[in-house]
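Dear colleague,

I am passing on the structure below, together with some notes on what turned up when I went through it. Please read the notes with the coordinates open beside you.

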Amino acid sequence: MPDGAQPVLDVRGLKTVFRTRGGEVHAVNDVSFALRPGELLGVVGESGSGKSVTMMSLLRLLPEPPAEIRGGQVLLAGRDILKLDAEGLRQVRGAKVGFVFQDPMTSLNPVFTVGMQIMEPLRAHKGLDKAAAEKRAVELLELVGIPDARKRLYSYPHQFSGGMRQRVMIAIALACDPDVLIADEPTTALDVTIQAQILELVKELRAKLGMAIIWITHDLGVIAGIADRVMVMYGGQVVEHAPVRELFANPQHPYTRALLQTIPKISGAREARLKVIEGQPPILTGAPAACPFRARCEYRHDACDRQNPARRAVDGQPVGGGHDVACHWHAPARTEAAHA
Amino acid sequence: MLDATPAPLVQVRDLKMYFPIYSGLMRRHSGNVKAVDGVSFAIPAGETLGLVGESGCGKSTVGRAVLRLYEPTAGTVVIDGEDVTRLPAEALRRKRPAMQMVFQDPQASLNPRMTLARLIGEPLDEHTDWTQARKIERIQDLMDQVGLNRRFLNRYPHEFSGGQRQRIGIARALALNPRFIVCDEPIAALDVSIQAQVVNLLEDLQEKLGLTYLFISHDLSMVRHLAQRVAVMYLGRIAELSPSKDLYARPLHPYAEALLSAVNEPDPVIAAARKRIILKGDVPSPANPPQGCNFCTRCPKVMDICRTVKPALTEVEPGRLVACHLYGITSAAGPTGASEATERNQQGVTQ
């Protein structure tokens, strides 16, 4: 496993399938990663790439059936979450691992005040009494930058704007000082100026509280701004994994390369024509016996149809510790000089 | 006055779109949501004007009012020499083929019970008296143009992916050979790898057919790629209208500056070096906009005059229009500006 400190979260060979009438959908296929203390791991992928299902599987948040976690281990501080019973899971969710969902409008309960929703995990997990929970709730709202916090405890979600609601969601996720915060597209529903506020807040909180964060997004711009390491997912698999600067300077997987070229830049020379990834994302029914990207890949050859490539190291470090890629094609030696 | 280019295809002057608010027991008209409050711009034939802003700034309302999908409260919209805001119903109907729209959500804007042939052929049924054979020929021709396989003629929208559905929406818009198309967030609902496909298609069609676009989007990088000129809207008004390369190199209006600085550049080295301007608070309600400049409650460079006098959109550099008191011209804007100048700021500073 990766060098340095013991990972706070260690996911090994996670497999999740959905049983549908059309057959089994292999939504998460052999996903492994480790999250070190205090780091921010970015997870990038398009819709259907398996990034959200992976995170939901970690905490067993998916309805089973139709979902089925078919294998793997999720070690949180050495304990396998996938083996826990309902009570064990309850003690992990919200307490050890906080979750921020994409749409704060639908994930907050409209009929309870914001204060009640922040106090709920405090009373359930920490056993605080009402007065202590209220005090802590005010602290949390102040922490996430909501002015007039004491008064706002008695407001309902609809009285907050989108950005403020997302701040409330973050406050709830942080209520019990989790070791790991999982944020699933937390800024996607927000406008750019509000998104900038939230990103700034997360950077601040991270510096102050030091928890490890998994940040799921489809926006490479967001990743470039906040992540330490990046995991690129496609078709339910990890196709590339690298430290953030390395990934942007020296992408190895044809999908990552193409993805970086399809998005126009905000500065520098204007690109004459956008690069296109032809075709559609794969449908994940049937066992994944070949590379999921092969139908859209410009470097496709025989091996891609015969075998699903395993992750292999690019920089000599162990897989999962440095830069690795799941592709049969070997990119030519780095041409662009990596950024210092 | 606003544009030196001779005879633009689309000329919008002082467009206003107010939505009335009715409240109380008697449902009395108690105010207006000023979704669009005096917007002017021109688009020369064959060009793309980008219209950017955050949700609620009125950009989609501009797009709809320009095509008279809403009845504008005031202002004129001259498209190809005719003021569409004044056209009577029948004349407007005859004008429709020239001005079309591509909608944001192809899932919601395509009738799920119609086949592709009927969807794309609907404008032809409505506006031509062609024979069925000729219509089918045109439909197939359109499908070729937008990159849909001809064999899909009798399929239904649910059988297609998001990107393909957007192609159907584009084919519908193209059916009657329009000159002007309003694209309202046409790529917002699509995945990153599919967005580029649709954008390239729009560019190809523009070149081939000489189309003029009003491209409405919140994606500032994509607008930079597509548009020759860009209008930045805030709370129903245009804050800055500049050539794309000037705006992105050096935004003049403080809101444009903050908006651009908030965009995430997909490059960690640049991202680390960039200074962001973080705006405080949220956008005020368009039902009760601030007195004076509508950005004064959040502007990092706010001055006293901003809280009382509404700045006019003025040419401060060749080709660059900015509505901001920082740029010296302190004349009050429009017919309401003068009275507001003397009014006290009742709103106060909400911070």
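How many residues lie between strand 9 and strand 10 of chain B in the hairpin that they form? There are two residues between them, and Leu235(B), which sits in the turn, has a positive phi of about 50 degrees. Please keep in mind throughout that this is a predicted model.

Because six of the six residues of strand 9 (residues 229-234) of chain B are buried, the strand is largely enclosed by the rest of the structure. Arg229(B), Ala231(B) and Met233(B) point one way from the strand, whereas Val230(B), Val232(B) and Tyr234(B) point the other way. In a regular strand, side chains alternate between the two faces of the sheet.

Asp219(B) lies in the loop between strand 8 (212-217) and helix 8 (220-226) of chain B, and it counts as buried because it has 21 C-beta neighbours inside 10 Å, where the cut-off is 20 or more. Its C-alpha atom is separated by 9.1 Å from that of Ile187(B), 32 residues apart along the chain.

Finally, helix 1 (residues 59-66) of chain B is mostly covered, with seven of its eight residues buried, among them Lys59(B) and Val66(B). The helix is followed by Arg68(B), whose phi is positive, near 55 degrees.

Best regards

Conventions. Residues numbered from 1 in each chain as written. Chains lettered and ligands numbered in written order. Predicted model: local features only at pLDDT ≥ 70, side-chain atom pairs only at ≥ 80, totals over all residues. Buried ≥ 20, exposed ≤ 12 C-beta atoms within 10 Å, placed from the backbone. Helix = DSSP H or I, 4+ residues; strand = E, 2+ residues; numbered from the N terminus. Pairing = 2+ DSSP bridges.
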